[in-house]
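Here is a friendly walk through one protein model, section by section. Keep the 3D view open as you read.

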Amino acid sequence: MNSSLVVYNSLKGDKEVFKSILPNNVGMYVCGPTVYSNVHLGNCRTFISFDLIFRYLLHLGYKVRYVRNITDAGHLENDADDGEDRISKKARLESIEPMEVVQRYTLDFRNTMSKFNTLPPSIEPTATGHIVEQIELIKKIIKQGYAYEINGSVYFDVLKFNEKIPYGKLSGRNIEELIHNTRSLGGQSDKINPQDFALWKKAEPEHIMRWPSPWSDGFPGWHLECTAMSQKYLGSQFDIHGGGMDLKFPHHECEIAQAESIHKKSPVNYWFHANMLTLNGKKMAKSTGNSILPDQMFSGENKIFKKSFSPMVVRFFMLQAHYRSILDISEIALEASKKGFDKLIDGMQTLETLVPSSVTSKFDLIAWKEKCYSAMNDDFNSPLLIAHLFDAIKHINAVANNKQEINSKDLKELKQIMHDLFNDVLGLKSVKKNLNTSVNIELHGILNLLSEIRDKARNSKDFETSDLIRDSLSKLNIQINDTREGSSFKIK
Ligand SMILES: [Zn+2]
């Protein structure tokens, strides 16, 4: 397996060589959406970033088990374990069942992600489908002495945990700082210390999403589901855990504490965090009107942008930034990406029409390929990879304009690499263009087939058929060129 892959590990705050626990296998867990509203663009960026990582690991030949959960219970409005459950609140406001909310927004999420051409995860478990596992986990944490029960709720004892195992490793916070920065609880909570977090909450009478447990009829704390599901499907120690940057603290820190309190070892070898997306230089927020839904962007029905942008252009735009950098989305930036994407697509289509020559190419294909893979091996540097793809497009256009040449071996290899990187790794798809403006991919497929049939006819000296194909295509302004390696076509 490719040992030259270097990744940025948030836990170490540095890049290191990626080495999976089991050779050729990778276990990856990514925190999925809380399905109480339409998925927003910032979330889409996170999942597109992890799609790039998933795709590249697959491309390198790893067998990847990619687990991404659906949070359908337990995520309260406030990170400090108070406020209403987000899904229950939406159900109350719309007078529908919580599971109707879950169904509606799970479908929206999957539908939007498929428009962005993200691959589905291997397992997509839900919090409500794993209540039993979460209760078992709480029992184990209590047994280890790191959780306490008060009035039917169970809390993780952060101070006690920190006496044995340091808390705050991922976010770089120490316990004194945390105590200093956590607001006092007033009379609202049963917690002993404000930095403790809920593992189980007793449900108030009006709380509709509730399950029986040894402590009360209630619901699990939000941080617990990811520990329960990642350990169930990937084991007590696995390779990669990812999520948005905003989940680093407290969510991921709490996940580490829960797992370490039981297994006394780090649950995850590599932590990856995708950075946020801003809109016109400001944080996206519904309350300020500075927000846009993916579908509004695709249809153009929004007050932010004058034009509409296709999912592929938006995906390409996102991949033009490194996943760990903050990215600002604006109409000007999207316009520039659209131009770049069109140029790339045109180049990919021109590539299909190139006629090989017997002269050795000046374009160093091996060095170029090396550069492409070095970019991706350096912490999934998609913007650099895209820049290298444009170098290839320059060469492709030069060959098409008879300013440079390419031999058939290099042409075959260039086609394969471009396909691998464009389609498989970056997850981009050619957008079909109208026949009157350009030539679409299907037509190229048919022309390739006709060239092959003609080559066969010529080889078996059936010149009647080969001439018929050549003359008929010529009438359509498609020129067949015969070379030693076979025939190819060119659209005039
Ligand atoms: Zn999570």
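## Helix α8, mostly covered

Helix α8 is mostly covered, with 12 of its 16 residues buried. Keep in mind as you look at it that this is a predicted model. The buried residues of α8 are Pro250, His251, His252, Glu253, Cys254, Glu255, Ile256, Ala257, Gln258, Ala259, Glu260 and Ser261.

How far apart are the end C-alpha atoms of α8? The helix covers residues 248-263, and its end C-alpha atoms are 21 Å apart, which agrees with the 22 Å that 16 residues should span at 1.5 Å a residue. Just after α8 comes Lys264, which takes a positive phi of about 60°.

Helix α3 runs over residues 98-115. From its first C-alpha to its last, this helix of 18 residues reaches 26 Å, close to the 26 Å expected at 1.5 Å a residue.

Which residues of α3 are buried? They are Pro98, Val101, Val102, Tyr105, Phe109, Thr112 and Met113. Seen down the axis of α3, the buried residues fall within an arc of 110°, so they line one face of the helix.

What do the buried residues of α3 pack against? Their partners are α1, α2 (86-94) and α9 (294-299). After α3 comes Asn117, whose phi is positive, near 60°.

## A four-stranded open sheet

Now turn to the sheet. It is an open sheet of four strands in the order β4-β3-β9-β10, with parallel pairing. At its edges are β4 (63-68) and β10 (268-274), each of which pairs on one side only. Neighbouring strands of this sheet are turned by 20° against each other on average, direction ignored.

Helix α1 (residues 41-59) packs on the sheet. This helix touches β3, β4, β9 (238-244) and β10, and its direction makes about 135° with that of β10.

## Strand β3 and its neighbour β4

Strand β3 takes in residues 25-30 and pairs with β4 in the parallel sense over six bridges. As background, strands of a sheet pair through backbone hydrogen bonds, either parallel or antiparallel. Then go to Tyr29, whose bridge partner in β4 is Val67.

Is β3 mostly covered or mostly open? Strand β3 is mostly covered, with five of its six residues buried.

## The protein overall

Zooming out, the secondary structure of the protein comes to 16 helices and 15 strands. The C-alpha atoms fill a box of roughly 90 × 45 × 40 Å, taken along the principal axes. Of the 492 residues, 39% count as buried. Among contacts with a separation of 6 or more, 72% are between residues 24 or more positions apart.

## Confidence in the model

How confident is the prediction? The protein averages a pLDDT of 91, and 93% of the residues score at least 70. Over residues 434-438, however, the pLDDT is below 50. Beyond near neighbours in sequence, this stretch has four contacts in the model. Where pLDDT is low, the predicted coordinates should not be read in detail.

Conventions. Residues are numbered from 1 along each chain as its sequence is written. This is a predicted model: local features need pLDDT of at least 70, side-chain atom pairs count only at pLDDT 80 or more; totals for chains, interfaces and linings use all residues. Two strands pair if DSSP finds at least two bridges between them. Helices (H or I, at least four residues) and strands (E, at least two) are DSSP runs, numbered from the N terminus. Axes are lines fitted to C-alpha atoms, for helices over the stretch in contact, and angles run from 0 to 180 degrees between N-to-C directions. Two residues are in contact if their C-beta atoms, placed from the backbone, lie within 7 Å. The expected span of a helix is 1.5 Å times one less than its number of residues. A residue is buried if 20 or more other C-beta atoms lie within 10 Å of its own, exposed if 12 or fewer, and partly exposed in between; C-beta atoms are placed from the backbone. The arc is that of the directions from the helix axis to the C-beta atoms. pLDDT is the predictor's confidence in each residue, from 0 to 100.
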